[in-house]
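This report goes through selected local features of one protein chain. Please keep the sequence and the model in view while reading.

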Amino acid sequence: MSPQDQAPTLLVVDDDPAFNRVLVRALGQRGFDCYGATDSEGAVELAHDHMPEFIVLDLNIGGESGLKLIRPLLEASPGARILVLTGYASIATAVDAVKLGATQYLAKPADVDAIIKALRAEDVVIGDRAPEAPMSVDRLEWEHIQRVLAEHGGNISATARALQMHRRTLQRKLARPPGG
C-alpha cells in the first residue's frame, strides 16, 4: 500500500469510554485509522505515536477544559485538523477553540456524517443564526464560567479565585450544566 492509499489517521479524545469506543469504531468503519484516548496524557502520547491527521476533542476531559489540550496536540501532530466536540456549545467557546488552533467546533449530539463533514470542511461554521430566545441566567453564568476556566487553562482553583467563588461551589456548578 502506498502512502496515498493509507487511511487517514484520526484520534478521538473523550473521557466517556463508551462514547469513545463507539465513535472510534464508527469512524474506523468510515475509512479512518482510529485511536481513542480517555485522558489528556493518553491523548498527547497517542498524538506523538501516530501523528493523526484529524483529532476529535471533547471540550470536557475529566472535568477540565479540553481547550488546554489543543496546543500540546498540535505540537505532537503539527497540521492536524482538530474538531472540538461538546455538549455545551457556545459561540464564545467556539471562538476560543479556533483561536487556540482548532479547525472546527461541533455541538453534541452529532452523527458520524456531521463529524466527518466538519473535519473535512475548509471554513469554520459556528452558526449564523441568533438563538430564538435569550439565554437563561443559568446559561449565561455557565458560559462565563467556561470562558474564565479556559482563560486559566482548565485550572479549577485559579478559576475559582478569579471568579471570587469557593472551589467546591465552582465544582458543583461545573457538575450541573444548564439545560438547553
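Is aspartate 58 buried or exposed?

## Aspartate 58

The structure is a predicted model. In it, aspartate 58 has a relative accessibility of 7%. Buried means under 20% relative accessible area, so at 7% aspartate 58 counts as buried. The residue is part of strand S3.

Apart from neighbours within four places in sequence, aspartate 58 touches Val13, Asp14, Asp15, Gly66, Leu85, Thr86 and Lys108. The UniProt record, an unreviewed entry, lists Asp58 under "modified residue: 4-aspartylphosphate". That annotation may be inferred rather than shown by experiment.

## Serine 77 and methionine 51

Serine 77 sits in the loop that runs between helix H3 (70-76) and strand S6 (81-86). With a relative accessible area of 1%, serine 77 is buried. Once neighbours within four places in sequence are set aside, its contacts are Ala47, Met51 and Pro52.

Methionine 51 is not a glycine, yet its phi is positive, at about 45 degrees. Most residues other than glycine have a negative phi. Methionine 51 belongs to the loop between helix H2 (40-50) and strand S3 (54-58). Its relative accessibility is 44%, so methionine 51 counts as partly exposed.

## Glutamine 164

A positive phi also occurs at glutamine 164, a residue other than glycine, where the value is near 50 degrees. Glutamine 164 lies in the loop between helix H7 (156-162) and helix H8 (167-175).

How much relative accessible area does glutamine 164 have, and what class does that give? The value is 77%, and glutamine 164 is therefore exposed, since the cut-off for that class is over 50%.

## Salt bridges

How many salt bridges are counted? The count is 2. Side chains of opposite charge can pair when their charged atoms come close.

Arginine 30 is partly exposed at 44% relative accessibility, and aspartate 113 is partly exposed at 46%. A salt bridge is also formed by the side chains of lysine 68 and glutamate 64, at 2.2 Å from N to O. Lysine 68 has a relative accessible area of 36% and is partly exposed; glutamate 64, at 32%, is partly exposed.

## Helices H1 and H5

How do the axes of H1 and H5 run relative to each other? They come within 10 Å and cross at roughly 70 degrees. Angles of 65 to 115 degrees count as roughly perpendicular, and H1 and H5 are therefore roughly perpendicular to each other. Their crossing is right-handed.

On the H1 side, the contact is made by Leu23, Ala26 and Leu27. On the H5 side, it is made by Val112, Ile115 and Ile116.

How values were computed. Residues numbered from 1 in each chain as written. Predicted model: local features only at pLDDT ≥ 70, side-chain atom pairs only at ≥ 80, totals over all residues. Heavy atoms only, no water. Helix = DSSP H or I, 4+ residues; strand = E, 2+ residues; numbered from the N terminus. Buried < 20%, exposed > 50% of the residue type's maximum accessible area, 1.4 Å probe, protein only. Salt bridge = Lys/Arg side-chain N within 4 Å of Asp/Glu carboxyl O. Contact = heavy atoms within 4.5 Å. Axes fitted to C-alpha atoms, helices over the stretch in contact; angles between N-to-C directions. Parallel < 35°, antiparallel > 145°, perpendicular 65-115°, else oblique. Left-handed = near helix turned anticlockwise from the far one by under 90°.
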